[in-house]
Amino acid sequence: MVVTPIVCPWCNTKNDFDAKFCNDCSLGLDEKSIMDYDHQKVENRKLGDIETHLIEADPRIKNLLISAVQKVAVDRSKAIEDNNKELIPITGYC
Ligand SMILES: [Zn+2]
């Protein structure tokens, strides 16, 4: 009998074929937890990790990020004024 390891959809770690939770990131591996899990939060967390690493590597990155975020915020408030529906929705923000 060949047992196929379960590859974690969140971090790509291979887990035992009967594992319910990932050995590495502890997130659920069954279909229900996968369906329930908020993909956007996972993406945001990954982005947060990248941001932290970048800022540790070079503190100037922080100022660049802040000005980029401010620019997006200005673009968004303009889009809201212009009623530009394409730019307005941002989902999963917390
Ligand atoms: Zn995992």
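**Reading a predicted chain**

Guide: Let's start with Asn 12: it has 10 C-beta neighbours inside 10 Å, so Asn 12 counts as exposed. A residue is buried if 20 or more other C-beta atoms lie within 10 Å of its own, exposed if 12 or fewer, and partly exposed in between, with C-beta atoms placed from the backbone. This is a predicted model, where local features need pLDDT of at least 70, side-chain atom pairs count only at pLDDT 80 or more, and totals for chains, interfaces and linings use all residues. Residues are numbered from 1 along each chain as its sequence is written.

Visitor: What phi does Asn 12 have?

Guide: Most residues other than glycine have a negative phi. Asn 12, not a glycine, has a positive phi of about 65°, and sits in the loop between strand S1 (6-7) and S2. Ser 26 also has a positive phi, of about 70°, in the loop between S2 and H1. Helices (H or I, at least four residues) and strands (E, at least two) are DSSP runs, numbered from the N terminus.

Visitor: Is helix H3 buried or in the open?

Guide: Of its 22 residues, the number buried is 0, so H3 lies largely in the open. Helix H3 covers residues 60-81 and reaches 32 Å from its first C-alpha to its last, close to the 32 Å expected; that expected span is 1.5 Å times one less than its number of residues.

Visitor: Which elements have the lowest and highest mean pLDDT?

Guide: pLDDT is the predictor's confidence in each residue, from 0 to 100. Where it is low, the predicted coordinates should not be read in detail. Helix H1 (residues 31-36) has the lowest mean, 70, and strand S2 (residues 14-15) the highest, 94.
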